[in-house]
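Biologist: I would like to learn how to read a sheet and its surroundings in a model like this one. Could we go through the features one at a time?

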Amino acid sequence: MRIVIAAIGRLKRGPEQELGERYRERAVKSGRGIGLRSLEIIEIAESRAREPQRRMLEESIALANIIPKGAATVLLDPRGDPLDSNSFVKPLRGWNDSGRDVAFVIGGPDGLAPTLSDQADLHLAFGALTWPHQLVRIMLLEQIYRATTILSGHPYHRE
């Protein structure tokens, strides 16, 4: 399984980028035993369009173009399913077992176009709070790391 995180916006150098990279490296290391081939982060610049709808459309098109063909698509969506860590593992296990790649999509501040949203396999929320996109990326990387440890039987996750 290959995992791609496609995100609008760039993490600047600093503690957030370092923490994200730490979780990415840990996930790759713990995921080797379960067939994780790579965990790639692709950053896309925010659209400069003036109208929010146009920005959303341009960013959604850019994101759709980098989702690997046939990959399961998970959208980070404040109206999505607020899964706990064990529930998050279940679809990942299924996609991994079936040999599918997975693309996690983090849209910009204006959201994602319905055409991209309608094609998602899963809409995932990190609770009802509004989170900065930089923190969402770090929380996602930590949850991917946690999922790889659960799948590999590592004791990182505790009930």
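Biologist: In which sense do strand 1 and strand 4 pair, and over how many bridges?

Modeller: Please keep in mind that this is a predicted model. Here strand 1, residues 2-8, and strand 4 pair in the parallel sense, and the pairing extends over five bridges.

Biologist: How many bridges does strand 4 form with strand 3?

Modeller: Strand 3, residues 72-81, pairs with strand 4 over four bridges, again in the parallel sense, and within strand 4 it is Ala103 that stands opposite Thr73. To get from strand 3 to strand 4, the chain passes through helix 3, residues 85-97, and this β-α-β crossover is right-handed.

Biologist: What is the order of the strands in the sheet?

Modeller: The sheet is an open one of five strands, with parallel pairing and the order 2-1-4-3-5. Strand 2 (38-44) and strand 5 (122-124) are the edge strands, each of them pairing on one side only. From one strand to the next, the twist averages 30 degrees.

Biologist: Which residues of strand 4 lie on each side, and are they buried or exposed?

Modeller: The general idea is that in a regular strand the side chains alternate between the two faces of the sheet. In strand 4, Val102, Phe104 and Ile106 are on one side, Ala103 and Val105 are on the other, and all of them are buried, which leaves both faces covered. Because five of the five residues in strand 4 (residues 102-106) are buried, the strand is largely enclosed by the rest of the structure.

Biologist: Which strands does helix 2 lie across?

Modeller: Helix 2, residues 52-64, lies across strand 1, strand 2 and strand 4, and its direction is at about 160 degrees to strand 1.

Biologist: What does Glu142 contact, once its neighbours within four places in sequence are left aside?

Modeller: With those neighbours left aside, Glu142 is in contact with Tyr23 and Tyr156.

Key:
Residues numbered from 1 in each chain as written. Predicted model: local features only at pLDDT ≥ 70, side-chain atom pairs only at ≥ 80, totals over all residues. Heavy atoms only, no water. Buried < 20%, exposed > 50% of the residue type's maximum accessible area, 1.4 Å probe, protein only. Helix = DSSP H or I, 4+ residues; strand = E, 2+ residues; numbered from the N terminus. Pairing = 2+ DSSP bridges. Right-handed = clockwise from strand over helix to strand, strands pointing away. Axes fitted to C-alpha atoms, helices over the stretch in contact; angles between N-to-C directions. Contact = heavy atoms within 4.5 Å.
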